[in-house]
Amino acid sequence: MKRLMLFVFAAVLAFGLTGTASAAGSAKPATATVLLNGKEVAFSAAPIVIKGKTYVEFRALFNALGYEIDYEAKTKTIKASTEGHKIEMSTGGDVAFVNGKTVASSGEIKVINSRTMIGVRFIAALTDKKVDWDGVTRKVIITNWGPTEEEKRAILGVFDKFRLIEAADDLEGFVQLFADDSGVDIKALLPNWERTKTQTTFKELLITDFSGDEAVVKVTDETVKVSGAFFPEYSSVYNATLRKSSSGEWGIYNIEVLKADILSVDKLFAQEISFPEADKAAIGALFDAQTKAIYEKKMDDFMATVTTKDDAEAEELKQQMQWFFDSFDIKRTIEKWAVVDSEENDQAIVVISALMEVNLNGIHFKVRTVFSDGVVKKGGKWTFSNTGSDSVPYLSEDVQ
């Protein structure tokens with residue numbers, strides 16, 4: 001699963017809701033409080049209870065549920081939408097439309113004191129929420145439904161599938177783990193999958209949110225290299241958002257990394273590969289040249305150690321480094337390094353441990369960093385490749 005962790009993607013929870021309109025009652029209503037997942041929802045007009053049914057200002061609750069609202073005053077039509085849900089209803093109608101399907105809604109919308117109010121239980125039912133009533137405190141309590149045991153098995157079964165697919169090195173199965181509408185750039189993951197075989201152990205799987213066709217699982221795992229190309233072994237904690245397809249299959253929609261730690265720095269360097277001695281010497285000289293340029297704050301010398309794709313990227317890098325030179329006095333010492341991956345001896349990945357002695361406005365401190373970076377050979381000369389994706393930090397620690 002660590003291949004997924006290199007990509008961090010934003011997910012939007014999808015819920016649905018609806019209602020229609022009727023005339024306001026004449027009885028003096030009682031008031032109530034509405035809690036959504038433990039948090040009180042703020043209304044400009046207080047929720048009211050009429051004949052045992054709680055009505056709330058529709059716009060405030062829709063917004064609290066994550067919907068965008070559009071009200072057409074001329075036709076008295078309410079439209080609400082989130083990703084995956086579109087609701088339309090009109091004052092005086094006896095049906096609402098949810099994703100094009102009709103839902104009976106007679107009496108669920110009332111106009112009270114010139115405000116459009118909607119039955120909270122009706123909204124909650126359409127948005128796949130659980131609704132409870134506390135008569136003592138007069139509170140409507142809206143929470144997410146939890147999955148059934150069968151649904152839990154189906155959701156967590158995605159991770160069982162991953163372990164089997166990973167063990168079988170099944171590329172097609174790996175692709176099929178993702179939801180149809182996943183924003184993950186799967187093509188970017190495939191080269192790493194094809195070059196390295198790993199083994200993932202799931203330490204904990206906890207379903208933290210569920211909405212019928214979407215679930216969030218908090219995952220704690222460890223992934224180690226079995227064979228193949230360079231791979232940094234990690235322990236991690238992340239939220240995996242899963243979505244159910246129209247066929248009922250759960251798939252990975254999004255990964256949000258909460259924490260990631262390298263398992264062993266020594267194992268990074270232990271993956272050193274055989275590499276021509278002349279090229280290793282040239283790469284070592286590249287480190288020395290860049291270290292000297294940083295210490296002496298010589299921009300031209302620094303830029304000579306880096307390959308950029310175009311003039312715009314070069315100019316951006318110069319601006320970044322100028323800020324760096326203006327802000328810090330740094331002495332860098334390369335403690336050790338190793339070539340851990342290579343393609344045709346003209347591109348390589350190196351792992352580096354560097355000690356940084358920093359002077360910031362008279363404050364002195366030392367920091368040790370461990371990271372990997374890409375180097376490329378062009379015209380017989382080795383330079384750092386300024387692609388961004390090649391540089392990956394693994395460890396940063398203060399040194400006394």
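Asp-181 is partly exposed, with a relative accessible area of 41%; this class lies between buried (under 20% relative accessible area) and exposed (over 50%), judged with a 1.4 Å probe and protein chains only. The model is predicted, so local features need pLDDT of at least 70 and side-chain atom pairs count only at pLDDT 80 or more, while totals for chains, interfaces and linings use all residues. Residues are numbered from 1 along each chain as its sequence is written, and side-chain values use heavy atoms, with hydrogens and water left out.

**Overall form**

- The protein contains ten helices and 24 strands; helices (H or I, at least four residues) and strands (E, at least two) are DSSP runs, numbered from the N terminus.
- Its radius of gyration is 29 Å, well over the 21 Å that the globule rule gives for 400 residues, so the protein is more spread out than a compact globule. The radius is taken over C-alpha atoms, and the globule rule is 2.2 Å times the number of residues to the power 0.38.
- Along the principal axes, the C-alpha atoms fill a box of roughly 90 × 55 × 40 Å.
- Of the 400 residues in the protein, 42% are buried.

**Salt bridges**

- The structure holds 19 salt bridges, each defined as a side-chain nitrogen of Lys or Arg within 4 Å of a carboxyl oxygen of Asp or Glu.
- One of them joins Arg-243 to Asp-181, with the closest N and O atoms 2.6 Å apart. This pair links distant parts of the chain, 62 residues apart: Arg-243 lies in strand β17 (residues 234-244), and Asp-181 lies in the loop between α5 and α6 (186-195).
- Arg-243 is buried, at a relative accessible area of 9%.
- Asp-181, Glu-214 and Arg-243 are linked in a network of salt bridges.
- In another bridge, the side chains of Asp-160 and Arg-163 meet at 3.5 Å, N to O. Both residues lie in helix α4, three residues apart, which is about one turn of the helix.
- Asp-160 is partly exposed at 40%, and Arg-163 is partly exposed at 38%.
- Glu-296 and Lys-292 form a further salt bridge (3.1 Å, N to O). They lie four residues apart in helix α8 (residues 277-296), about one turn of the helix.
- Glu-296 is partly exposed, with a relative accessible area of 32%, and Lys-292 is partly exposed at 46%.

**Negative surface patch**

- Asp-169, Asp-170, Glu-172 and Glu-194 form a negative surface patch. Patches are made of residues with over 30% relative accessible area and no salt bridge; like charges are joined within 9 Å, and nonpolar side chains (Val, Leu, Ile, Met, Phe, Trp, Tyr) within 5 Å.
- Asp-169 is located in the loop between α4 (149-168) and α5 (171-176), and Asp-169 is partly exposed at 37%.

**Positive phi angles**

- Most residues other than glycine have a negative phi.
- Asp-169 has a positive phi, near 55 degrees, and is a residue other than glycine.
- Ser-114, which is not a glycine, also has a positive phi, of about 65 degrees. Ser-114 is placed in the loop between β11 (109-112) and β12 (115-119) and is exposed, with a relative accessible area of 75%.

**A strand residue**

- Val-224 belongs to strand β16 (residues 214-228) and is partly exposed at 26%.
- Val-224 and Arg-195 are separated by 29 residues in sequence and by 14 Å in space, C-alpha to C-alpha.

Key:
Areas by Shrake-Rupley, 256 points an atom, 1.4 Å probe, with all protein chains shown as cover. Lys, Arg positive; Asp, Glu negative; His and termini not counted. Charge placed at Lys NZ, Arg CZ, Asp CG, Glu CD.
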